[in-house]
Amino acid sequence: CSPPMKATIYALAAIALWASLAALALSLSHVPAFLLTGVSLMVGSVLAWPAVLRRPALWRMPPSTLAFGVLSLFGYHFLLFMGLRLAPAVEVNLINYLWPLLLVVLAPLYLPGMSLRPVHLMASAMGFGGAIIAIMGAQTSASTTSSHPLLGYLLALLAACAWANYSLQTKRLSLQGRGFPTAAIGLFGLVSGGFSLLCHWALEPAVSLSLQDWGLLVLLGLGPLGASFFLWDQALKLGDARHIGILSYITPLASTTLLLVASARPLTLSIAGAAALIMGAAVLGTRSRSSGTEGWEPRS
């Protein structure tokens, strides 16, 4: 199996796991956010332990790199989980999946030799237009029972920015020769999970979890908050980032579909329109990447 084919397989596997993230988080919405984030990230870190036991040097890195990884994983998931509690889950999920578009729009700010073309500005307008449609549709829907939906949408947007920042910073570190091994993600998860549990102990009330809750937490940790990170990292290292980026636009469609089923919500016109605009914007934003290198790959 060639490296490009392996990269495609890894990327599709990560996407399949990410598609279940919002649905699993919704099923665990009664679990305090710091506890949910902490347990899930620590469980996910277990996947790196066998490699680290064989080569402890995999977890040796500058403090700045460790801080970057910990803050990124902790910040993204905490923002997303809080957003899902404060606003309608389907709309929050769609806004969160603006991150593939943000990868394109923000790339010139992070990576040398990249430019922002008019097509990217058009894609940005479409994507954010889709987010507005999702918010407006939720505001007029009878399913909106939260007293803080706008805060939930803002947190979802910040989560999208956090994941785009993590991905672009990771690419920049790699180009600068300061990249970290895939197994280092396990240390990011372990430390950020421990920090989350400390926050739970200090700031949240104690709760009693059922056996089903623990089972879902383990599933969440091993899948969307565990194996997906390692698979995605390998995909980006083995394959063409342009192709991997295009594949990632399957995620909002798959995730929204699963979330609609899990929440027993009907497919409304606003949800369908928002999903179409966000995914269309993502495809439009990568047209230059699929036809050539200008606007994405660094120019020599």
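Author: A cavity is, on a 1 Å grid over the protein atoms alone, a set of points where a 1.4 Å probe fits but cannot get out, and its lining residues have an atom within 4 Å of a point. This is a predicted model, in which local features need pLDDT of at least 70, side-chain atom pairs count only at pLDDT 80 or more, and totals for chains, interfaces and linings use all residues. Residues are numbered from 1 along each chain as its sequence is written, and side-chain values use heavy atoms, with hydrogens and water left out.

Reader: What is the volume of the second largest cavity?

Author: Grid points are joined across faces, edges and corners, and a volume is the space filled by probe spheres set on the points. For the second largest cavity, this volume is about 40 Å³.

Reader: Which helix gives the most to the lining of the second largest cavity?

Author: Helices are DSSP runs (H or I, at least four residues), numbered from the N terminus. The lining includes Leu-41, Ile-185 and Phe-230, and at least two residues each come from helix 3 (33-45), helix 10 (184-203) and helix 11. With 4 residues, the one that gives the most is helix 11.

Terms used
On a 1 Å grid over the protein atoms alone, a cavity is a set of points where a 1.4 Å probe fits but cannot get out, and a pocket is an open set with protein on both sides within 12 Å along at least five of seven lines; lining residues have an atom within 4 Å of a point.
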